[in-house]
Amino acid sequence: MSAPLTPRVSRKSKLLHLSYDLPHRVNVAGIYPKQAPNGSTVIVYGHSNGLRIVWRGGRPLKTRAAVNDDEPKVNGTSKDVVMVDLTDDDDDETPQAPSQPAAQDAEFEPDEDEQDEAEPYPRVVQHLDLPLGTEVLYLSFPHIPSVSPYRPADSIPPIFNQKIVFSVACADSSVRVITLPLLPPSEARKAADPSKHKAPYGEQILRIEGQHGHQVIPNAVSMTWSSRDPEGIFDDVDMDVEESDEEDGPRRRRRIGSAEDEVREWDLFVASHSNELSGLLHIFCIPLISNGDLQSLSTDPIFPYRTQYLSSPASHIAFSSAQYPSQRHLQVLAVDTKGSVRIYDPLAPIRMRPRSSRSVNTDESRLGAWVAAFSTGFEMPKQSKTGPPGLAHRRRILDAKWTSDGKSILALLSDGEWGVWDVDGSGPGASRTKTVSTFAIRGFISGTTQATTSTVAPTKTSGSFKSLALAPMTPNTRRAKEENLFHGPATAPTNNDTPRGGISVSTSVNNSTGAVEDSVVLWYGDEAFRIPHLQQFWARSGSSTLYGPGLTKVDGLNLQGEMIGGIEQFARKATEARMGIPRDLLIRSESRLIVLAHSSPSKPASGGSSLFAKELEERQQEDKIDRDLLKRGELDLGGMDRLLEGMTGGAGEGPVRRVGFTGLASSR
C-alpha cells in the first residue's frame, strides 16, 4: 500500500483525464473543504476495510536523505537516536504510554514542484490507510468557511485549522466521528508499528452505536457545527417524558440570544438515518473540548440530541449549507423515497397538545419541528399509461441538495428533470416557487427523452405541464436543436427501471460583496453536466430580456465501462475564477478515482498574460479597499469614481464579460 499513486493520463486539448486505479472497490469519496498547511488538497474515500486519506499537490515531503543531511549529528548519530531510560518505572505515579510516535513530524520542501509539460498536474505527496475493521459506506464533511472580512477567524472552530474532521456510516451499523492531523504524516510515522500505539497517526475515533445509535446499517450521514455560549446563548429545556424513558436523558437547547463576541466553545452536530421501522433520524451533539490552542472530541457518552421517526424512509439527508450564526444553520433536509423533501429544524418551537383534559399547562412549548415540505408531480406507471388515477405516484427524487445559502433546494428526478424549489421566496421575482409541487426553474438533462429547456419555467395547464415556453434562439440552443435534428433524439440510461444520478454543489463567497455563488454539477447515467453559477443562471431564467449559456455537458469523461458513483468539485483559485476556468472534477467510479482537470502551466508562457493576470488582481484588491472605505464613510471622490467605473465595465465586483464568452459571469 506504500506504492505512490500514479495516474494514467490522457489529454485532449487543455483537458486532462487522470485515472487512479485503486486496489479496492470505492464506496464513497469526498474532497475536504480546507487545504493542508503544506498546500495539499485532501481527498478521503471509503472502501471495504476502512478509509484512505490522500494529500494531493502542495509542498512535497523531504526525502530521507535530505532530512538526514539537514539534521545536526552528535557523535555520528542523528537526533532520532533511541534513548533508554534506566530509571525505575515503579516510582512513576501516573505512567502514560505515548499515544503516537515521537520525533517523527513530517518535513517539507520549501516550494511546490513545478509542473512540466510531461506531467502538468499536482502529484500525490502522501497517502494514509486507516483501517476500521468494517466497510465504510457513507461520508460527510462539515462546511468550513474561509476567513474573510465577512467571516473572522474567531467565528470558526479552531479544530478545523488543525484537524481533518469528518463522519462516516459503516456496515457494522455504527456512525463514527473521526479527526486526523491536517498535515500529512511522515514516512517514519507510517512505517511505525501501529499496534504499539493507541493512536499511531494522531487520530481520534468516536463510535456511536448500540441502543443510542442505529440497529441496522445507516443509509445517510451529514455533519455541521454550531456555537455553545457559556453564558446562555442556548437555554436548556428538559425532554418530554413521553419521548425518553430515562429521567436524566439528554437535554434540548434553544437559541435565546446572541453573544457572538463571547462565544468560544463549539459543538459538532451529526445527523444519521436508517430504515428502521418507517425511517429513523438521529441528530447527535458532540462537544469540542479545548486544551489551550488545541481542540478534540469529547469522550463523554453520546446520546441523541433529537430523534424523529419518519412517515417513510429517507434516501438522503443533509444539514443546511447556511452556517452559524444563521438561524437556519441546523436545519436538516430529508429526501423522501416517495417523491418529497422535508425540512426539519431542531431549534424550531412546536406547541404540544395537552396530555389529558386535566392538564394545567395547555400551552406547553417544545423544540424540534418539520417546518417545510416540497413534493414532485404525479406520473402513471410505465406499464399502465392509461390506468386508473389511483395508480399514479409521485416522481422519484434521485438526489437533492441545499443551494443559495440554505434558501433553495436543487433536486434531480428519476426521469432526468431537474429543478429548484425556492424555500423562503427570496429568488428572482418571476421565478419564485408558486406551490410546493412546482419548481421555480426547471429543465431536462440531455440524454433523456424530454427536450432540454433548462432556462425557462414551464407553463402549467390543467394540473400538468403540457407545453414549455420558448427560449430565445442563441448559439447555445441552436446547437442543441441541430444535434436533435441530425442525430435523432438522445437516449435515456441503459436501465430505465433503475436510473442513477446525483448532484454536486460547491459554494464560494464573493469577497467583494459577500454574496454566495454555487457551482453545480449534475450527473445522470454516464453523463455529467454543469451550471457554473446557479444564481446568475436563475436570474437570467426569470428575466425575459436576459439569456446566456446555462447547462453545459462535461466532455472528456472516460469511465472505461464502469458507472459513476459520485462527483465532487475541487476548489478554484481566484485567478482561475476571474478567467472563467471551470472547476476541476473528482469522479468516483467502481474501482478508480478520475480527475478531470484543465491543464495550465505553473508559470505563464508570455509576459503579456502574466501582466494581464497581475493587473486583474491589483484592480480587484484596489476595489476591495475602496468598498471597505465606503462602508466606513471614508471614501474620497477618487475612490467613488473608481467604483462607478467598475459598475459600468471596469474592475467592479467581479470579472468583466469579454468577447468570445469565455466566462459566464458578467460585470455587475
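Contact here means heavy atoms within 4.5 Å. The model is predicted.

Q: What makes Phe160 and Trp225 contacts of Leu268?
A: Contact needs heavy atoms within 4.5 Å. Leu268 meets this with residues including Phe160, Val165, Met223, Trp225, Phe284 and Leu297, its neighbours within four places in sequence being left aside.

Q: Which residues have the most contacts inside the largest nonpolar core?
A: They are Leu51 and Leu268, in a core of 45 residues. Strand β8, residues 163-170, gives the most to this core, with 6 residues.

Q: Why is Thr507 called partly exposed?
A: Its relative accessible area is 44%. Buried means under 20% and exposed means over 50%, so a value in between is called partly exposed. Therefore Thr507 is partly exposed.

Q: What makes the link between the side chains of Thr507 and Asp518 a polar contact?
A: The distance is 2.7 Å. The cut-off for a pair of N or O atoms is 3.5 Å, with one able to donate a hydrogen and the other to accept it. The pair therefore counts as a polar contact.

Q: Where does Thr507 sit, and what is in contact with Thr507 beyond its neighbours within four places in sequence?
A: Thr507 lies in strand β30, residues 501-509. Its contacts are Val516, Glu517 and Asp518.

Q: How many helices and strands does the protein chain have?
A: The protein chain has 7 helices and 36 strands. Of its 668 residues, 45% are buried.

How values were computed
Residues numbered from 1 in each chain as written. Predicted model: local features only at pLDDT ≥ 70, side-chain atom pairs only at ≥ 80, totals over all residues. Heavy atoms only, no water. Helix = DSSP H or I, 4+ residues; strand = E, 2+ residues; numbered from the N terminus. Buried < 20%, exposed > 50% of the residue type's maximum accessible area, 1.4 Å probe, protein only. Core = buried A, V, L, I, M, F, W, Y, C linked by side-chain atoms within 4.5 Å.
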